[in-house]
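Student: Could you take me on a close look at one part of this model, the places where the ligands sit? I would like to see what surrounds each of them.

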Amino acid sequence: MDFQAILSNLLSPMILGFLLGVTATLLKSDLKFPEELYLSLTIYLLIAIGLKGGYKLSLVPFSAVYKPLGMAILIGSLIPVWSFFILRRLGKFDVPNAAAIAAHYGSVSAATFSATLAFLDEHETSYEGFMPGLLAVLEVPAILIAIFLAKSLDRSGKTGSLREVMRELLTSKSTILLVGCLAIGLLAGKSGWEQVAPFFDAPFRGVLMLFLLEAGLVTGRRLSDLKRVGFFLIGFGIAMPILHAVLGLIVAKWSGLSMGGAMIFAALMASASYIAAPAACRVALPQASPTYYLTASLAVTFPFNIIFGLPIYYELAEWLYNH
Amino acid sequence: MDFQAILSNLLSPMILGFLLGVTATLLKSDLKFPEELYLSLTIYLLIAIGLKGGYKLSLVPFSAVYKPLGMAILIGSLIPVWSFFILRRLGKFDVPNAAAIAAHYGSVSAATFSATLAFLDEHETSYEGFMPGLLAVLEVPAILIAIFLAKSLDRSGKTGSLREVMRELLTSKSTILLVGCLAIGLLAGKSGWEQVAPFFDAPFRGVLMLFLLEAGLVTGRRLSDLKRVGFFLIGFGIAMPILHAVLGLIVAKWSGLSMGGAMIFAALMASASYIAAPAACRVALPQASPTYYLTASLAVTFPFNIIFGLPIYYELAEWLYNH
Amino acid sequence: MDFQAILSNLLSPMILGFLLGVTATLLKSDLKFPEELYLSLTIYLLIAIGLKGGYKLSLVPFSAVYKPLGMAILIGSLIPVWSFFILRRLGKFDVPNAAAIAAHYGSVSAATFSATLAFLDEHETSYEGFMPGLLAVLEVPAILIAIFLAKSLDRSGKTGSLREVMRELLTSKSTILLVGCLAIGLLAGKSGWEQVAPFFDAPFRGVLMLFLLEAGLVTGRRLSDLKRVGFFLIGFGIAMPILHAVLGLIVAKWSGLSMGGAMIFAALMASASYIAAPAACRVALPQASPTYYLTASLAVTFPFNIIFGLPIYYELAEWLYNH
Amino acid sequence: MRTFPLKLVTIIADEALERKLVADIKRLGAKGYTVGKAHGEGAKGERISEWEGENLRLETIVSESVAEKILTHLASEYFPNYTIIAYLSDVAVLRGDKFV
Amino acid sequence: MRTFPLKLVTIIADEALERKLVADIKRLGAKGYTVGKAHGEGAKGERISEWEGENLRLETIVSESVAEKILTHLASEYFPNYTIIAYLSDVAVLRGDKFV
Amino acid sequence: MRTFPLKLVTIIADEALERKLVADIKRLGAKGYTVGKAHGEGAKGERISEWEGENLRLETIVSESVAEKILTHLASEYFPNYTIIAYLSDVAVLRGDKFV
Ligand SMILES: Nc1ncnc2c1ncn2[C@@H]1O[C@H](COP(=O)(O)O)[C@@H](O)[C@H]1O
Ligand SMILES: Nc1ncnc2c1ncn2[C@@H]1O[C@H](COP(=O)(O)O)[C@@H](O)[C@H]1O
Ligand SMILES: Nc1ncnc2c1ncn2[C@@H]1O[C@H](COP(=O)(O)O)[C@@H](O)[C@H]1O
Ligand code: NA
Ligand code: NA
Ligand code: NA
């Protein structure tokens, strides 16, 4: 493994911003972002990803999309299943907690996705423009499957109806913004994109740095929960992303994606949700404890992915595509 | 009528953003903008319009301004009068409701104005730089006149004092920001404008898209009130803008404005207020129901203007200026 | 004194924005920025200053830094001492109020610093890139010294512990963001800076204008307190900045700073804190009245510095460096 | 700890009324007040927050007689037209003189 | 000024429950409600506000019998799983008919 | 529905005091608390919200004896210097053991 790559990733302003956020919390700083700023940054990132993805999608032939899309949905649907059984058997988690954690690892993270785009831009590696489409599509199925598993196995009746959950997920903030802005980017085309690019493209990485600083603040507050979640979950939060990334790389190459596209595909598989899944679990699986699912996804997997994961997956992708 | 023009307007990211907002609400999505983001976007748009208008005003001879300015105030003062009587006679509205609706249609909308600027930029049509001055000047008189009408006709004493209303309007957020930033733009000139343009000019249309997405979310919530307001008000909300736009175009040409300027003039006349008028009516005409005035202005006239109105007025302007 | 310079500074959009804010408050306008917008703007400015400073620091030899840094800390530690005694003896203030005011004048203002950068950019005067480092370092010591003075002299036991205060200051929002982003800028270097510059550099002066508009709104509300604070404090709020600026210029030249650097050094010395010091005094010196310390720093010294101070210090710096 | 029985008047109203309400309750004898943001639903249906502004929730601790005056004033001047509700509850405060 | 004694039910809960709670209390007879934002700490420790959302503080003025129904419903449907507390207090309102 | 009578202590204070206040009320026996934002006016005049920060409105449901301790502590440690008021009211809660 090339430590140069990890080090150079560590020195990007985005990762440093994240680490600053973590440090600030550990120092018990009063630095806090207003909730509204965080929400606004999230809205901005989702719209920016969607618009640019839609615009790029309008440039490439649509035929290239089917295979990776189908494979993404397939793997995205299987991840929660095996994650659930690993968590039940090896991790000894009860049904609601295992399902909630599985939902997070099957779903995807727009923040990790954004960091991957910034990483590839920095490495001047090109990628397919339609990847935001995968991000949009992958958010939902894993959560539904995990909640379905929990409901089939736990008949206490305390979980919300699956239909309701599905409706809420399909109309959730992130789905609406991603899918809607993909469509807008596609319909508005080049001239449309050029009108909004000075706001949604040029400042993207700066805004992402701000966002990751806030993510660091939140992650920092979760770190103290690490001891409570136990070694198993920490190991799970590192091993599963690597596994899913490797799987993702192989499938992506088979689907005909470019190296950059494969890297994004892998990062999506490796990532754990932080918007849609927690929101869904709070309502549909209230017996599951945020201490487990949020700590694993925010304090373990998210930092692992953006700090170590990205350069590792990139090395693996290079290796895979040059052999 | 050229449906191409309407279609091409429909495909601008701003209009699509608006429609996405409406769709999200109809789908009962949980997508919501923090109130503070909406307020911040409004502040940004008003400052950006003011600064650029002031700077452009500093470039042109001031003599060209008097005629359109005078005519704008004249029509702006007459619109609430005839609107009021139409609403009373034909619409059978009571005095407070008729006055409140008339206030909205006589006043103007900074959002419609912004969309018009973006529309003209997209069509590479130039316009007089001082148009934001008209926007600033037109906001207030119609509201005062409408409230004055209500007070003269309704002596129950439940309305606030006219003097108080005038003071509040003249010092309202939108007046202060527009007039103040016009003055700043004028005083700071080219070198001043260049210092702030990377923030207030380049990203303008992107921010506008974000703003219209939020406008769509609010409009969507109003749509369900459409059945309550009745056919008369819906017809009123479409017919009056067209009437006022045609009137505006003719007067604008007579006043010596360019085609682009005439288009903006017409759009201002056609637009209905959404910041100043509702704020004033809530306090000065509390008996009037927001269901009527907000639904008409937000759910009927605003979308009509930015989706269908702009291309129609543009066609009409072209026709008028080439004959 | 060259009135041209003051006039031309007055016509910058930033200063005009500030004056617009003051005017709006005097007119009793309802214009108000959401608290979250103000917090977000502060966060933006601190990060932007830090990142750019860190990046520029990565370009110059570090050896040039020691002397000005040491002198800055020295003067920054002495200002609260003599200010405290002047306020006690001549101003007849009690211990907590004298200490709180002294803390404000010894500490520094990021807003004044930002306005100074914009001023120098406008005058195309270059300066040392490490000046944000001085800003970061100067915030804390004066406050600690002032609170220490208060505690030594007032044994009523109602003040918080000095250690606690120090911890809070060192981990305060502004210290963390400034020091942290200086480090990020330094580590991320040129390629890192270029990734975030479209967000943190190009729009800087536009955002600063927005920020100063809000600062004007707050200052305006303080103006009515001017009569309560009395002539002594108003005179103090003007005389001390000039004194400290002159001292700063001389020391800066002696330390080998360029003219631009000396100007910033002087402006820092002249400035009075508005983030860190009020926050610290509210908790550690609750007997001190915000009417005194905030009115003096916000309604007297801050406007004086950015409107009259900057051009005056610039003239003085030119004179000093050309003789 | 000696406490004094007083009345807490809570008013929930359209945010646009803040200035007017504050001026009125001060005139009627309130020595202080606290305002928070809120949104809600009542007879007039849900408020469409952002574009119209939200509700405010104003609390003021006053003597029984001032509470009476405030309620009477609200009932005659505000209730007929504005989006507003108000209610009284009993509270015990330290330093009763601060509030009367 | 004639006032009517009623019950104020205050519910502090996870913000994500707003829709569900509002639907439930309306169904049980509440004629209106007011919601504000809050954060806090209880048995489950401090909430990490932004990423999980904050708490809400919902107030509804109802008759004693509706209050009873709401509490019973909360106790059976919400308390076992959700982050939620609820309490009753006595208030006096003008225009009592508006609330029952 | 069986409810338990407890005390609701409401504290309105400078936002900067949150950490200190929370630490103190916990030490004195409070099992939880809820905080919302507020602004207001009192003896010290209106707060200039944004630059100085706003007020907070802290509520904690406690037993009568803890309420007493909290008020006594506030009266001696906070009232002389800080911008703060506090009051007690009676509430009825479900699951009384959660709060004591
Ligand atoms: N009578 C009152 N009723 C409600 N809130 C009050 C009252 N007096 C003071 N307050 C609140 O307590 C804060 C501090 O009050 P003071 O220390 O008197 O300035 C004010 O900012 C108000 O939010
Ligand atoms: N029963 C109630 N309980 C609590 N708050 C209410 C109630 N009824 C109305 N409200 C509040 O008062 C505001 C105005 O009510 P209304 O004038 O009935 O539309 C609503 O937006 C709610 O915030
Ligand atoms: N004793 C209390 N007093 C006031 N609020 C409380 C109390 N206990 C809990 N809460 C609030 O109720 C929420 C949920 O509490 P819990 O379910 O105990 O974690 C907390 O986040 C607090 O906002
Ligand atoms: Na995943
Ligand atoms: Na109009
Ligand atoms: Na200083």
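Tutor: Happy to; what follows goes through the ligand sites one at a time and then looks briefly at a few other spots. Please keep in mind that this is a predicted model.

Let's begin with ligand 3. Which chains surround ligand 3? Residues from chains E and F do, so the site is shared between these chains. The shell around ligand 3 has 18 residues, and those that come nearest are A43(E), N55(E), T34(F), I61(F) and K98(F). Three of these five names come back when we look at polar atoms. On the chain E side, an N or O atom in the side chain of N55(E) is 2.8 Å from an oxygen atom of ligand 3. On the chain F side, the side chain of T34(F) also places an N or O atom 2.8 Å from an oxygen atom of the ligand, and K98(F) has a polar side-chain atom 2.3 Å from an oxygen atom of ligand 3. Taken on its own, ligand 3 has 480 Å² of accessible area, and the protein covers 98% of it.

Which strands build this shell around ligand 3? Chain E brings β2 (33-41) and β4 (84-93), while chain F brings β2 (33-41) and β3 (55-62), and each of these strands supplies at least two residues. The largest share, three residues, comes from β3(F). Sorted by class, the shell around ligand 3 holds seven nonpolar, seven polar and four charged residues.

Now move on to ligand 2, which lies between chains D and E. Here, too, 18 residues surround the ligand, and the closest are A43(D), N55(D), T34(E), I61(E) and K98(E). From chain D, N55(D) has a polar side-chain atom 2.8 Å from an oxygen atom of ligand 2. From chain E, the backbone takes part: a polar backbone atom of G32(E) is 3.5 Å from a nitrogen atom of ligand 2, and a polar backbone atom of Y33(E) is 3.3 Å from an oxygen atom of the ligand. The protein covers 98% of the 480 Å² of accessible area that ligand 2 has on its own.

The strands around ligand 2 that each give at least two residues are β2 (33-41) and β4 (84-93) of chain D, along with β2 and β3 (55-62) of chain E. Of these, β3(E) gives the most, with three residues. By class, you will find seven nonpolar, seven polar and four charged residues in the shell around ligand 2.

That leaves ligand 1. Residues from chains D and F surround ligand 1, so this site is shared between chains as well. Its shell has 18 residues, the closest being T34(D), I61(D), K98(D), A43(F) and N55(F). A polar side-chain atom of T34(D) lies 2.8 Å from an oxygen atom of ligand 1. The ligand's nitrogen atoms meet backbone atoms: a backbone N or O atom of I61(D) lies 2.9 Å from a nitrogen atom of ligand 1, and a polar backbone atom of G32(D) is 3.5 Å from a nitrogen atom of the ligand. Of the 480 Å² of accessible area that ligand 1 has on its own, the protein covers 98%.

Around ligand 1, β2 and β3 (55-62) of chain D and β2 and β4 (84-93) of chain F each supply at least two residues. The most come from β3(D), with three residues. The class count for the shell around ligand 1 is seven nonpolar, seven polar and four charged residues.

With the ligands done, here are some spots elsewhere. In chain F, D14(F) is found in strand β1 (residues 4-14). Why does D14(F) count as buried? Its relative accessibility is 7%, and buried means under 20%. In chain A, T171(A) lies in the loop between α8 (162-170) and α9 (173-200), and T171(A) counts as buried because its relative accessibility is 9%. A polar atom of the T171(A) side chain lies 2.9 Å from the backbone oxygen of R167(A). Beyond its neighbours within four places in sequence, T171(A) contacts I176(A) as well as L27(B), K28(B), S29(B) and D30(B).

Finally, the largest nonpolar core has 279 residues, and those with the most contacts inside it are F265(A), F265(B) and F265(C). Among the residues that F265(A) touches are P68(A), M71(A), I75(A), M131(A) and L257(A).

Definitions and conventions
Residues numbered from 1 in each chain as written. Chains lettered and ligands numbered in written order. Predicted model: local features only at pLDDT ≥ 70, side-chain atom pairs only at ≥ 80, totals over all residues. Heavy atoms only, no water. Core = buried A, V, L, I, M, F, W, Y, C linked by side-chain atoms within 4.5 Å. Buried < 20%, exposed > 50% of the residue type's maximum accessible area, 1.4 Å probe, protein only. Contact = heavy atoms within 4.5 Å. Near = heavy atom within 4 Å. Polar contact = N/O pair within 3.5 Å; in protein donor to acceptor, adjacent residues only side chain to side chain. Areas by Shrake-Rupley, 256 points an atom, 1.4 Å probe, with all protein chains shown as cover. Helix = DSSP H or I, 4+ residues; strand = E, 2+ residues; numbered from the N terminus. Nonpolar A, V, L, I, M, F, W, Y, C, P; charged D, E, K, R; others polar.
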